[in-house]
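What follows is a guided reading of one protein model, taken from its sheet to its helices and then to its aromatic rings. Please keep the sequence and the coordinates open while reading.

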Amino acid sequence: MTDTMTDAQLAAHLAEVAGKLLLTVRDSGMLSLKALGKAGDATANQFLVHALREQRPEDGLLSEEEKDNLDRLQFARTWIVDPVDGTREYGEARTDWAVHVGLAVDGVATVGAVALPGAGVVLRTDQPRAVPPAPETLRMVVSRTRPAREAVAVAEAIGAELVPMGSAGAKAMAVILGDADIYLHSGGQFEWDSCAPVAVALAHGLHCSRIDGSPLVYNQADTYMPDLLICRQEHAEMVLSRIAALPAEA
């Protein structure tokens, strides 16, 4: 079966299987809190890394849970994965955590899948669904624990409701699923936090960029990514202009 899988099919299959493995580890009842998070990360990472190296041996690979090998920079195609996006939420048996399997081609998040195992959902680039229309009062999804200053300020400026949520992948997918309308993050992330979500969001016709409107570029030597905006196309210009008008932080 794997011999005939497209990249998108492979990404979705791996994300779904990794999610099931994570649920099995958690449901075993043998671990809790930090130990559960570490075991889940390690289990999902080993599966994803070994599977990708076997199924796509000629591609580069970057995983949050794997020591970075800069040899990946020589590849036009690099898989970027986050075995558990939202370890805290995973350990607390919430649903707002995710598994990310993304493929960057020439630095662009092109193919991917985001599994939301707690909700039994896998969103993928090759099976886009209709994004529900936005409500009259827009909803901006933000961190449960540390909402970004820019997000709070922009939400106030446009009269949007703040929706606290866990992982980056869950926030991005909330826009596709119609549970939110804008995901604005300025607190810093890494490539594995957004590669797969951005690929999936782009496939669903959403706007994805840095908060200054510049493109998101992946498979870089420095994997840190300062900020991110995912929203419907019709809201992008409004949000970007509001961000640009914010006073500099003292």
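This is a predicted model: local features need pLDDT of at least 70, side-chain atom pairs count only at pLDDT 80 or more; totals for chains, interfaces and linings use all residues.

An axis here is a line fitted to C-alpha atoms, for helices over the stretch in contact, and an angle between axes runs from 0 to 180 degrees between N-to-C directions.

Strands of a sheet pair through backbone hydrogen bonds, either parallel or antiparallel. In this model 5 strands make up an open sheet, ordered β1-β2-β3-β4-β5, with mixed pairing. The edges are taken by β1 (60-63) and β5 (121-124); each has a single partner strand, so one side of each is left without a neighbour in the sheet. From one strand to the next, the twist averages 15 degrees.

On one side, β2 and β3 run antiparallel and are joined by 7 bridges. Within this pairing, Trp79 stands opposite Leu103 in β3. How enclosed is β3 by the rest of the structure? Of its 8 residues, 7 are buried, so β3 is largely enclosed.

Helices pack against this sheet. Helix α2 (residues 33-55) lies across β1, β2 (77-85) and β3, and runs at about 160 degrees to β2. Helix α5 (residues 168-177) also packs on the sheet, where it touches β2, β3, β4 and β5; the direction of α5 makes about 95 degrees with that of β4.

Helix α5 has a helical neighbour as well. Two packed helices are described by the angle between their axes and the distance between the axes. For α5 and helix α6 (residues 191-203), the axes come within 9 Å and cross at roughly 10 degrees. Angles under 35 degrees count as roughly parallel, and α5 and α6 are therefore roughly parallel to each other. On the α5 side the contact involves Ala168, Gly169, Ala172, Met173 and Ile176, which meet Asp193, Pro197, Val200 and Ala201 in α6. By class, the residues of this contact divide into 7 nonpolar, 1 polar and 1 charged.

The aromatic rings remain. The count of aromatic pairs comes to 3. One of them joins Tyr90 and Trp97, an edge-to-face pair with 4.9 Å centre to centre and 65 degrees between the planes. Tyr90 and Trp97 are both buried. Another is formed by Phe190 and Tyr224: the ring centres are 5.7 Å apart and the planes stand at 75 degrees, so this pair is edge-to-face. Phe190 lies in strand β9 (residues 189-190) and Tyr224 in strand β11 (residues 224-225), so the pair ties together parts that are 34 residues apart in sequence. Phe190 is partly exposed, at a relative accessible area of 34%, and Tyr224 is partly exposed at 41%. Ring pairs also bring in Trp192, linking Phe190, Trp192 and Tyr224 into a cluster.

How values were computed: Residues are numbered from 1 along each chain as its sequence is written. Side-chain values use heavy atoms; hydrogens and water are left out. Two strands pair if DSSP finds at least two bridges between them. Helices (H or I, at least four residues) and strands (E, at least two) are DSSP runs, numbered from the N terminus. Contact means heavy atoms within 4.5 Å. Angles under 35 degrees count as roughly parallel, over 145 as roughly antiparallel, 65 to 115 as roughly perpendicular and the rest as oblique. Ala, Val, Leu, Ile, Met, Phe, Trp, Tyr, Cys and Pro count as nonpolar, Asp, Glu, Lys and Arg as charged, and the others, Gly among them, as polar. Rings of Phe, Tyr and Trp (its six-membered ring) pair if their centres lie within 6.5 Å; planes under 30 degrees apart count as stacked, over 60 as edge-to-face and the rest as tilted. Buried means under 20% relative accessible area, exposed over 50%, partly exposed in between (1.4 Å probe, protein chains only).
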